[in-house]
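Hi,

Here is the structure I promised to pass on.

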Amino acid sequence: MIQEKRGEDLSQVKSILDRYPRERRFLLAILQDIQKTYNYLPREALNEVRDYLGIPLSSLYSMATFYKALSLKPKGTYVIKVCDGTACHIRGSMDLIDEIRKLLSVSPGEVTKDGRFSLETVNCVGSCALAPVMVINDKYYGNLKPAMVKEILAGYGGIRGDWDTK
Amino acid sequence: MTGTPNNSGKTVLVCCGTGCLANNSMEIYKELKKRVEALGPGFAVRPVLKTTGCNGLCEKGPIVNILPDDIFYCRVRVSDVDEIFEKTILRGEVIERLLYLDTSTGRRVRSHKESEFYRRQLKIALRNIGQIDPASIDDYIERGGYNALKKALFEMSPELVISEIERSGLRGRGGAGFPTGYKWRQCKRVNSFPKYVVCNGDEGDPGAFMDRSIMEGDPHSVIEGMIIGAYAVGSKKGFIYIRDEYSLAVRNVSKAIEDAYSRGFLGRGIMGSGFNFDVEVVRGGGAFVCGESTALMASIEGRVGEPRVKYIRSTEKGLWGQPTVLNNVETWANVPVIIDRGADWFAAIGTDRSKGTKVFSLVGKVKNTGLIEVPMGITLREIIFDIGGGITGNGKFKAVQTGGPSGGCIPEALLDLPVDFDSLDRAGSMMGSGGMIVMDETTCMVEVARYYLKFLSEESCGKCTPCREGIRRMLEILEDICAGRGQEGDLELLLELSETVKEASLCGLGKTAPNPVLTTIKYFESEYLAHIRDKRCPAGVCRKLTSYRINTDLCRGCGLCAKKCPAGAISGKPGAPHIIDVSSCIVCGTCREVCRFNAVEVIGGRSE
Amino acid sequence: MRVIIDGKECEAGYGEYILDVARRNGIHIPTLCHSGALPGQGSCRLCIVEVAEAGKKKVVVSCLYPITGEIEVTTNSERIYRMRRNIVRLLAARAPSGEFIKKLREEYGIPEETRFKVDEKEKCILCGLCVRACEEIGLSAISTVNRGTTKKVAPPFEEPPEDCIGCASCAYVCPTGAIEVQEFEGKRVIWNRAFELLKCAGCGRYFITRQQYEYIKNKHGIDMKEPLCDRCRQKSTAEKLIHLL
């Protein structure tokens, strides 16, 4: 079952909806805007979208689980995207993931217990010349080695607790 | 690059493509700007400072190019800004150590145009990138932008535009290489309105960023191409579908559309003609299958990106069931040049059946990684060794992967293959959108095939049986092989499933999905057999089939590996050769990475 | 227009699908996701055939390939048979426990699966007919969820679906019996949601859920006044007719 925060303030959903005509073709854009605002798609927001566009909830759920840009679970404050495009893959992206897993106790697709980081693998961010690449929120880190990861994460406050003793 | 060339004035171009941005180029731009602005009103000829799109040579970024002298600085740091400003911008002196070091000659060159990396290239689709500020429509116009549109609208009939594109021999740059002019003609022929033109900017091939660079670095070229295409087929509405991850591309294209409206290149009565055309940006949702035309259209319609059966072409029934022309970013960017300079000029470039140039992202284990544009027909060897400067480190070339997950791996024996649509097809690969990933001896070809199938198993829409179930089972077999559970008969089964997936799948994703498997079996069968029969990964990638050993002749006993080993598996006295205890080794490769004497060797055949 | 299917000359209308023409002419092509009432799936790919047109051969799905010119169709060449057999094997490896799949497997002589990991309980082959049926009824209570190898059919949030009326049309169209419907003590349970069943005013048999009855009444304006099952309605109409005579 999907866990989510309860009682999100939905006032922003209404202002997002106001920007779009009531046409199905704006569905993806609306969902993306909600995703950007809340870091995920709150369930109540989907109900609002259903009522606004007159599209069955099942279609929204189908969209939300089909497109990778959409998520039904809240993401971390910092979204770590490790690129696993081909260029990054053959230059050792899996080692980066292992390192992050070790440091933050989080696997791809998960959020750290303190809710600060979520880890994702993405299929190419189009910065292959800098492989392997990691993106945290919108900041790119290129030509990485596993040993560099710890310092970078420390720049985001690391994870709560004494992870340095590891 | 100003309207009236002013030789005494300097233009400073700071590359702000994604590669350079990641290396702090925006900071360099800001610092330079601060100094230029501090010059005060008394300064006669003020240097002009611009941010540009990707120069292509991302490996050497951040890049600062100073015109008109064309001084090309690489790997610039913020700490270099003072020196660049004082010496080069103010006094015209060249800072030797920042110049580009040509890997093939070992010499530093002043202008990048003298380097091997650029000398072999021919820029058509990338003509403006790195030279203009993508946010400035004036920059685009100064370099001849929107001339082609004017020519098309006032000197050419739609029919003439189509025949010009046909004569040019332009083929779709997105993958299959369908003749662009013929596609337009099919659409024009259908007597049903409205008609749509669509730009596919959902570049999703891992290892490819050609379209990204064009949309970021020269968005107007795409828009101009689309307006011309719309005029030719009789469309009034266009959509540019951009991958959501490409936030800079979304921003730059949106800004360009806005500017094009305000200058009368879009909207009603374009340039005073009777032609109307509107275009809008649609952000993709993050689904590789949306690169497939019918899935992309479903996505624009606000649905799940599932493709539909294509026995009736999109040019007849596409978006909302209406005639639709869909081309990819690079194809559209070629259109204005062809109209401007003529079909004959374009058709003189390239090979008999593949005209013009192709943009590739040359990445992987190659020295000069980056974005290149080369005439069709150039050989893979020239691309990888002359332009790319060969393999990184002292590695040995093993394979080059072209065409993304739908393409294949091409071995050394075929390096002299000319790069064009048909030759790559014959080799079992494809042009695809232009990703070119170089692999060396440390790349395991079985693992590469596994990697692509894993990718496709996640990216398949899951609608049809052969693609969804076939890829899943092929992946299962490959995962087994990589983990040492390969069985006799696996290769035959892979080949048989490949045929079914290739022939019976609904869309292009499934129809090409087996290519990475087929080509790696075809060209690297012995590597598969080493995994299956000898339980050994010759490249040392598959952990279950790899073990490490310290070469006692090379080991100096520095103890670094023992210190870094997370499993405590390495022991030895200081100064004496160390030993890895295979039973506790977790094959993480840390020792191999940290050893300064290359003493850690990969051996296969880990017995379990 | 004339087409040749397996050597037999057949008459076909422009744009007619190969499958329809073949069936009319007594030529059997196996299908799973095809339904006369809900055409256009094209997802199971079992009905692949080879089409030769202008000297070129290609593999197409017969249920959706429109005939627009002189073509020659082969429905069961060695190649087609091999691929169809593979498709059955793949479907059987995914969903081994449906009766129809078992029958197909026997027909194609496919042995018990030993190479792949198999989920013995699974019955769904993801043909999509259930989703289509629900959409056609106007409810769309269920949809496909996820993509790629993790795709499945489910109600929103995988909870008992709000929009469902318990009509069980999805279960009715399912070719493999993958959707479970249980009826007991005047209740029907489907998609983990329980619905109250109404009795036929004529014969007293449970036959319709309350939600279904309301939906038909409100949405389609068919006022049954009181719930009558098909058989009893037929009877009552006939009786009315007799009285009129």
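For charges, Lys and Arg count as positive and Asp and Glu as negative, with His and the chain ends not counted; the place of a charge is taken as NZ of Lys, CZ of Arg, CG of Asp or CD of Glu. On that basis chain C has 38 positive and 33 negative charges, and their mean positions are 1 Å apart.

Two notes on conventions. Please keep in mind that this is a predicted model, in which local features need pLDDT of at least 70 and side-chain atom pairs count only at pLDDT 80 or more, while totals for chains, interfaces and linings use all residues. Residues are numbered from 1 along each chain as its sequence is written, chains are lettered from A and ligands numbered from 1 in the order in which they are written, and side-chain values use heavy atoms, leaving out hydrogens and water.

Chain C has seven helices and 11 strands (DSSP runs numbered from the N terminus: H or I of at least four residues for helices, E of at least two for strands). Its C-alpha trace spans about 65 × 55 × 30 Å along the principal axes. Of its 245 residues, 49% are buried (under 20% relative accessible area; exposed is over 50% and partly exposed in between, with a 1.4 Å probe and protein chains only).

Chains A and C bury about 1400 Å² between them, 57% of it on carbon and sulfur atoms; this is the accessible area (1.4 Å probe) that two parts lose on being put together, summed over both. Chain A brings 15 residues to the contact and chain C 17 (heavy atoms within 4.5 Å). Two salt bridges are counted between these chains (a side-chain nitrogen of Lys or Arg within 4 Å of a carboxyl oxygen of Asp or Glu). C:Glu162 pairs with A:Arg50 in a salt bridge, with the closest N and O atoms 3.9 Å apart.

Over all chains the count is 74 salt bridges. Within chain A, A:Lys75 and A:Glu120 form one at 2.8 Å, N to O. This pair links distant parts of the chain, 45 residues apart: A:Lys75 is in the loop between helix 4 (57-66) and strand 1 (78-83), and A:Glu120 in strand 2 (residues 117-122). A:Glu120 is buried, at 16% relative accessible area.

In chain B, B:Arg472 and B:Glu469 meet at 3.1 Å, N to O, both in helix 18 (residues 465-482) and about one turn apart. B:Arg472 is partly exposed at 26%, whereas B:Glu469 is buried at 1%.

Best wishes
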